[in-house]
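Reader: I have a model to set up and want the contacts sorted out before I start. Can we go through them briskly?

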Amino acid sequence: MAIKVLVVDDSSFFRRRVSEIVTKDADLEVIGTASNGAEAVKLAQQLKPQVITMDIEMPVMDGISAVREIMAKCPTPILMFSSLTHDGAQATLDALEAGALDFLPKRFEDIATNKDEAISLLQQRIKALGRRRLFRPILPRTTQPKTTTTPTRELAQPQRQAPRLSVPVTRASGKKYKMLVIGTSTGGPVALQRILTKFPANYPHPILLIQHMPAAFTPAFATRLNGLCAIEVKEAQ
């Protein structure tokens, strides 16, 4: 069964181009298009696509705002199209933080060295997102309000002990580690932000991060992490 795709862009030419590329793959199907973020939110709820391709700069409602609305009302895997500029990098990181799962450069010549390779890459990225499951946060259980009355001895019942769970025993390897290395790809920027903001400023070991993203994005990404984290984060030189 084909993966259903909603294409969102204010340019009619780009909507048509992306739709043509998507429909060339028998495993993909374009079920609708939208010219702004507000239309995207509405169609996402009506059509229930499995993947949405989203532009960032659009009239009425921009792509980042649309991502937030969609993730709040009908969570859907979203692929952002971005320009390889400093401002484009900042906006793309904002979109990923808002809930988008992946991004690609909007100019296809920036995606790959030849046209066929770029088309195949876009199709593969959409199919990868279409197979992913989105998990909603688990809300804490509501607890019963505590009563201030003390039960009488006759009404008091002995408390049953909860059954003990078997926990696997792990043993230290005995090795001493001097560096932490983290490698990430799709979904990595958001995951790294969540992880690195937990590290204290006095973390004793150097951390090496390998994130698969365009070179134009890494300075903005490092600057963002440095501003959010207690540890110092900088682009490798």
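Reader: Which elements do the buried residues of H7 pack against?

Author: This is a predicted model, in which local features need pLDDT of at least 70, side-chain atom pairs count only at pLDDT 80 or more, and totals for chains, interfaces and linings use all residues. Residues are numbered from 1 along each chain as its sequence is written, and side-chain values use heavy atoms, with hydrogens and water left out. The buried residues of helix H7 (residues 218-228) are Ala220, Phe221, Ala222, Arg224 and Leu225; buried means under 20% relative accessible area, exposed over 50%, partly exposed in between (1.4 Å probe, protein chains only). They pack against helix H4 (86-98), helix H6 (188-196) and S7.

Reader: In what order do the elements of the chain run from the N terminus on?

Author: Helices (H or I, at least four residues) and strands (E, at least two) are DSSP runs, numbered from the N terminus. The chain has seven helices and seven strands. Their order is β-α-β-α-β-α-β-α-β-α-β-α-β-α.

Reader: Is Gln211 buried or exposed, and with what relative accessible area?

Author: Gln211 lies in strand S7. Contact means heavy atoms within 4.5 Å. Leaving aside neighbours within four places in sequence, Gln211 touches Thr184, Ser185, Gly188, Pro189, Leu192 and Phe221. Gln211 is buried, with a relative accessible area of 14%.

Reader: Which residue forms a salt bridge with Lys106?

Author: A salt bridge is a side-chain nitrogen of Lys or Arg within 4 Å of a carboxyl oxygen of Asp or Glu. By this rule the count comes to nine. The closest N and O atoms of the Lys106 bridge are 3.0 Å apart, and the partner is Asp9.

Reader: Which residues are linked with Lys106 in a network of salt bridges?

Author: Lys106 is partly exposed, at 25% relative accessible area. Asp9 counts as buried, at 0%. The network links Lys106 with Asp9 and Asp55.

Reader: Over the face of which residue does Lys106 lie?

Author: A charge sits over a ring if NZ of Lys or CZ of Arg is within 6 Å of the ring centre and within 35 degrees of the ring normal. Lys106 is at 4.9 Å from the ring centre of Phe14.

Reader: What kind of aromatic pair do Phe14 and Phe81 form?

Author: Rings of Phe, Tyr and Trp (its six-membered ring) pair if their centres lie within 6.5 Å; planes under 30 degrees apart count as stacked, over 60 as edge-to-face and the rest as tilted. A search of the whole structure finds three such pairs. Here the centres are 5.1 Å apart and the planes at 85 degrees, so the pair is edge-to-face.

Reader: How many residues apart in sequence are the parts that this pair ties together?

Author: Both Phe14 and Phe81 are buried. Phe14 lies in helix H1 (residues 12-23) and Phe81 in strand S4 (residues 78-82), so the parts tied together are 67 residues apart.
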